[in-house]
Amino acid sequence: MYEFALSRQLGKTTVVEGSDVTVTAKGQAWVIKWHVEKNRRVIRVSGLEIYLLWRNDDYEYWPLELPS
């Protein structure tokens with residue numbers, strides 16, 4: 001199982017795609033947990049979509065160039 005955390009100050013975190021993603025509040029953070037499988041998962045926080053991908057599929061996506 002993999003996990004990462006986001007600040008709760010960013011707003012509500014919702015699962016857009018994927019039934020096995022869990023989002024729980026822990027202190028001042030949202031903790032997102034999922035199992036890495038071939039199915040793509042997508043979460044949204046404050047208008048930002050985060051894709052949780054199978055390693056080989058991530059090569060099909062391009063990273064954004066964000067301003068400094």
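**A close look at Leu-52**

Reply: Leu-52 is in contact (heavy atoms within 4.5 Å) with Phe-4, Val-21, Ile-32, Trp-34, Asn-39, Arg-40 and Arg-41, its neighbours within four places in sequence being left aside. The model is predicted, with local features requiring pLDDT of at least 70 and side-chain atom pairs pLDDT 80 or more, while totals for chains, interfaces and linings use all residues. Residues are numbered from 1 along each chain as its sequence is written, and side-chain values use heavy atoms, without hydrogens or water.

Leu-52 also belongs to the largest nonpolar core, together with Leu-6, Val-21, Trp-30, Ile-32, Trp-34, Ile-43, Val-45 and Ile-50, which makes 9 residues in all. Such a core is a set of buried Ala, Val, Leu, Ile, Met, Phe, Trp, Tyr and Cys residues joined through side-chain atoms within 4.5 Å; buried means under 20% relative accessible area, with a 1.4 Å probe and protein chains only. Strand 4, strand 5 (41-45) and strand 6 (48-52) each give two or more residues to this core, and strand 4 gives the most, with 3 residues. Strands here are DSSP runs of E with at least two residues, numbered from the N terminus.

These strands lead to two sheets. Strands of a sheet pair through backbone hydrogen bonds, either parallel or antiparallel; here two strands count as paired if DSSP finds at least two bridges between them.

Strand 5 and strand 6 run antiparallel and are joined by 5 bridges. Across this pair, Ile-43 stands opposite Ile-50 in strand 6.

The other open sheet also has 3 strands, in the order 1-4-3, with antiparallel pairing. Strand 1 (2-7) and strand 3 (22-26) are its edges; each has a single partner strand, so one side of each remains without a neighbour in the sheet. Neighbouring strands of this sheet are turned by 25 degrees against each other on average, direction ignored. Strand 3 is joined to strand 4 (residues 29-34) by 5 bridges, and the two run antiparallel. Lys-26 has Ala-29 in strand 4 as its bridge partner.

Technical notes
Helix = DSSP H or I, 4+ residues; strand = E, 2+ residues; numbered from the N terminus. Axes fitted to C-alpha atoms, helices over the stretch in contact; angles between N-to-C directions. Buried < 20%, exposed > 50% of the residue type's maximum accessible area, 1.4 Å probe, protein only.
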